[in-house]
Number of protein chains: 2
Amino acid sequence: MNEYDEPLFFQVMQYASNADRDIVDMVSGNPDWEPPDALRDGLHEYADADAADFQYGPSEGLTDLREQIGARRNIDSDNIIITHGAGEANYLAMAQAVECSDVNTPEFLLTDPVYPYYPGKASLLDATATHVPVHDDGHLNIDAIQDAASTDTVAIVLNTPNNPTGAVYNRAALNDVAAIAADIDALVIVDEVYDHFDFTGDFESALTLSSYTDRIIVTSAFSKSMAITGFRVGYAVFPPALVDAAQTRHMLVTVSGSRPAQRAVSDALEKTPPSYYASVRNTIRERIDTFTNALETIGAAYTEPEGAFYVMARFDDLPGTLENVEYLIDEAGVAGMPGEAFGNAYDDWIRFSLCTDRISIAGDRLMTFFQNS
Amino acid sequence: MNEYDEPLFFQVMQYASNADRDIVDMVSGNPDWEPPDALRDGLHEYADADAADFQYGPSEGLTDLREQIGARRNIDSDNIIITHGAGEANYLAMAQAVECSDVNTPEFLLTDPVYPYYPGKASLLDATATHVPVHDDGHLNIDAIQDAASTDTVAIVLNTPNNPTGAVYNRAALNDVAAIAADIDALVIVDEVYDHFDFTGDFESALTLSSYTDRIIVTSAFSKSMAITGFRVGYAVFPPALVDAAQTRHMLVTVSGSRPAQRAVSDALEKTPPSYYASVRNTIRERIDTFTNALETIGAAYTEPEGAFYVMARFDDLPGTLENVEYLIDEAGVAGMPGEAFGNAYDDWIRFSLCTDRISIAGDRLMTFFQNS
């Protein structure tokens, strides 16, 4: 394994928690809202289950849960592996890309900016990572991906709705990427963990690109949609030719997902009304408005997220370095994440997570700080 | 990754569940007894916790849980990583052995017989596995380990109390293995998942070998001791010099353990009286007696386990092949595991798990079958 730095956000969170003043935490993507009621009910019910239900379930995941996902996604549940969160799903997907290629120096094409765990996993798998800058609006630069694609490329890894840019890639863009991948015989891995947080109404899963089902792996999790990042229930959908090998690795690394968490998620999937998800989306929309209004007043550049729950902001004379983020913590009482944590393309931006109900306080503090500076 | 066969026990369980008659399942090591009451209580309590408690905990595991383990094990909790079961703990340990060595063709020394996941993990890590036969009584053959040790050896992997032999290795044997490992600069990985199932009273954790703390990794889990194989809560104790690298891999593969499961285990650790463990041990002891009495009557050779909860039996004219195990399912109505699943040394034996309350029925059926055959 190559060198891998601890993600910058651990440093920022540590710094914020040691600060002498009250800080509005806009660093982590841990939902601050309630999970579905049915999830809590499911845990209670499971707590009283037969002892037999406390033992190993199928390694590929509880059958009910896989079938529920299959039905919702309109796919064959045989191709679904329930994983220990999106983290394991992305690990399995990227490992599979390396394993099924015969390239000596495997390379992943990632976007810039990028969710920092992807290059970390590439490094774990002794592969290199090439970062392809996206357009200024956060959308994919297809020409740049085309230029970067090589015979060493084993997979192109995308995240839509995107953390940190908030971009939701459209069907045409996904199709273009899949066509590039087909030309170089690479896989496309699409992390759709924010799929319930689409404000455009246009989000389409990469699973619907029926011409490319043999090379698309989609990963997701219930961490964000059910506000349970600590439960670690995710899944990966593999092409039929790859699912057995991925399942073998899953069995040898984690055996199977944790059963209480799978059981609770399955119950919540069955019983949670669409209004739950819509209500959370509305909350996020309001927070986006509140926060971007403040940024508008300040005169900062900012993203208007099409999806996910992060706003990127660029302040004149305050590039998004770790040092400046710490300065903002001390002087404004608002903690964001340095843009440099996500690569070079947005290294003068700061990412603000909307997982707090104190958005208007944060906005007020930033306005006061920038008016006085 | 090299070829890895699906463990034989899946085939056997499938065969048994398709049989036309009632079968006593002595295949899997899934406890059939009750988990501690405090574990169920802990799940209920967690189900009503604040939403914040449903989010990511520390990647290395809940602090309470690590401190409880550290106190019980008399070790520094900084060296403990809570894993997704013993499966992930052993994966992290074996990956670390490969990662921290500069050997081109890394090799693991395993015992024969062996728990089949260890060679599977070696294969996943692109390493070879050399199987060193144990003595007829299941104890380590130190001379054979010494002879097999080479400069390619990155770790010697042990399991005590042992599945499938039931041997509990004594302190002198562990010390001898550690000395061999020190000579060739290898690690010793000791899987102690059955540590609560020691009938000799002599079991000592490898963590107490204070001369070798820099090269011993101990793994364990609550799967067996709390009858919760489906919860996936285990841990690994690393030498201080290795814990950071192992933690990085843990973060990149699974992020962190599932929080409801960790919380329930932590509550159960705090509140479960020693009588719970003693009572389960007594049950297993009685089952051993019942089953070995039947084997004695039949005139079979058998192991008398010092630990864990398996009995190996060798029947004249019925070697422990998959075919013969299936024959015994059909003709006697008792399902065991073929000895060949564990390597060559016990390939004419059959392993019977004691995780059923129908041991005396199984014994009766086997007596009837062998009296008539």
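A: At the start of helix α7(B), a side-chain oxygen of Asn170(B) comes to within 3.2 Å of the backbone nitrogen of Ala172(B). A polar contact is a pair of N or O atoms within 3.5 Å; within protein, one must be able to donate a hydrogen and the other to accept it, and residues adjacent in sequence count only if both atoms are side-chain atoms. The model is predicted, so local features need pLDDT of at least 70 and side-chain atom pairs count only at pLDDT 80 or more, whereas totals for chains, interfaces and linings use all residues. Residues are numbered from 1 along each chain as its sequence is written, chains are lettered from A and ligands numbered from 1 in the order in which they are written, and side-chain values use heavy atoms, with hydrogens and water left out.

The helix itself runs over residues 171–183 of chain B; helices (H or I, at least four residues) and strands (E, at least two) are DSSP runs, numbered from the N terminus. The expected span is 1.5 Å times one less than the number of residues.

Which residues of α7(B) are buried? They are Ala173(B), Leu174(B), Val177(B), Ala178(B), Ile180(B) and Ala181(B). These residues lie on the same side of α7(B) because they cover an arc of only 160° around the axis, the arc being that of the directions from the helix axis to the C-beta atoms. Buried means under 20% relative accessible area, exposed over 50% and partly exposed in between (1.4 Å probe, protein chains only). The cover over the buried residues of α7(B) includes α6 (142–148), β5 (153–159), β6 (187–191) and β7 (216–221) of chain B; contact means heavy atoms within 4.5 Å.

Beyond the end of the helix, Asp185(B) adopts a positive phi of about 55°. Thr160(B) and Pro161(B) are joined by a cis peptide bond, with omega about -10°.

The counterpart in chain A may be described in the order used above. Asn170(A) caps the N-terminal end of α7(A), with a side-chain oxygen 3.3 Å from the backbone nitrogen of Ala172(A). Helix α7(A) has 13 residues, 171–183, and reaches 18 Å from its first C-alpha to its last, close to the expected 18 Å. Its buried residues are Ala173(A), Leu174(A), Val177(A), Ala178(A), Ile180(A) and Ala181(A). They are placed on the same side of α7(A) because their arc around the axis is only 155°. These buried residues pack against α6 (142–148), β5 (153–159) and β6 (187–191) of chain A.

Asp185(A) follows α7(A) and has a positive phi, near 55°. In the loop between β5 and α7 of chain A lies Pro164(A). The peptide bond that joins Asn163(A) to this proline is cis, with omega about 20°.

Asp126(A), with phi near 55°, is found in the loop between α5 (117–124) and β4 (128–133) of chain A. This aspartate has a relative accessible area of 49% and is therefore partly exposed. Asp317(B), with phi near 65°, belongs to the loop between β10 and α11 of chain B. At a relative accessible area of 77%, Asp317(B) is exposed.
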